Amino acid sequence: MPEHPPYLRIADELRRRIAEHEWTPGDRLPSRAQIAQECGVGENVVRRAQELLISQGALEGRAGSGTYVAALRQRVRMVRSSAREQPNGSPFRADMKAVGKLGDWESRTEAKVPAPVEIASRLGIDEGELCVRTVYEFLADGKPVQLSTSWEPYDLTAGTVVVLPEGGPHAGVGVVNRMAEIGIAVSHAVEQPEPRQATAEEASLLGVQKASLVTHIRRTYYSDQGRPVETADIVVPASLCEIVYEIPISH
């Protein structure tokens, strides 16, 4: 088997030293030059190893000060499950309540936004067709823990009381409940999670280090006729949240 790149070996060594309490949360690491000399590698190798651990939330960089062991934080548990759709509530609020936190969100909706190529493909419409786009920032005790951008075909809800996901009498009740109000039964959702690094904008909004590890979930809801009725890009920071998939079993 090929040998791990040197920076991964150094990252493992730094993790080991943290795990063995040689350095504890809040401690400043030795200089890159010192670590490089101890480990017999170049400073650039140490830099890449530290950047990896910063992206994973194990370390944090402080401009002009150095690199520190990150403070331990309890990750928020987020459950992904169709069984958690609630008639009069939000699964996100339920998840936050379960861990003793107050769940809330801020949102901004724009109607009649032309669908980009990827979104059009996911919704089964032509590029440029009009959509309702809503950008969300989900909060736990007032602190951001999740971002989401939702797209719905405008022709699906235009002229109805649910055209604005966060406006009107059915604001904030979720896609399944809103669609039910206009006679559309949502039968299932498909989610595609993948890890990646946060963009500069995402890191700023979430209050995490630039290029931190996040889970990007592409979610699409489908009606019982097979039509996509909503698609969303959900971004969850790995250092703040753990994602759990709950699979209902029919009897």
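This is a predicted model: local features need pLDDT of at least 70, side-chain atom pairs count only at pLDDT 80 or more; totals for chains, interfaces and linings use all residues.
Q: What describes two packed helices?
A: Two packed helices are described by the angle between their axes and by the distance between those axes. In this structure, helix H1 (residues 6–19) and helix H3 (residues 43–55) have axes that come within 8 Å and cross at roughly 60°. H1 is therefore oblique to H3.

Q: Is the crossing of H1 and H3 left-handed or right-handed?
A: The crossing of these two helices is right-handed.

Q: Which residues of H1 and H3 make the contact?
A: H1 contributes Pro6, Tyr7, Leu8, Ile10, Ala11, Leu14 and Arg15, while H3 contributes Val45, Arg48, Ala49, Gln50, Leu52 and Leu53. Sorted by class, 10 residues in this contact are nonpolar, one is polar and two are charged.

Q: Which residues touch the most other members of the largest nonpolar core?
A: That core has 22 residues, and those touching the most other members are Val76, Met78, Phe92, Val145 and Cys241. Several elements each supply at least two residues of this core, among them strand E3 (76–80), helix H4 (91–98) and strand E6 (143–153). The largest share, four residues, comes from E9.

Q: What does Met78 touch, not counting residues up to four places away in sequence?
A: With those left out, Met78 touches Phe92, Asp95, Val145, Gln146, Val236, Cys241, Glu242, Ile243 and Val244.

Q: How many residues are in the second, separate core?
A: The second core has 17 residues, including Ile18, Val41, Val46 and Ala49. Ala49 is also one of the H3 residues in the contact with H1.

Key: Residues are numbered from 1 along each chain as its sequence is written. Side-chain values use heavy atoms; hydrogens and water are left out. Axes are lines fitted to C-alpha atoms, for helices over the stretch in contact, and angles run from 0 to 180 degrees between N-to-C directions. Angles under 35 degrees count as roughly parallel, over 145 as roughly antiparallel, 65 to 115 as roughly perpendicular and the rest as oblique. A crossing is left-handed if the near helix is turned anticlockwise from the far one by less than a right angle, and right-handed if clockwise. Contact means heavy atoms within 4.5 Å. Ala, Val, Leu, Ile, Met, Phe, Trp, Tyr, Cys and Pro count as nonpolar, Asp, Glu, Lys and Arg as charged, and the others, Gly among them, as polar. A nonpolar core is a set of buried Ala, Val, Leu, Ile, Met, Phe, Trp, Tyr and Cys residues joined through side-chain atoms within 4.5 Å. Buried means under 20% relative accessible area, exposed over 50%, partly exposed in between (1.4 Å probe, protein chains only).
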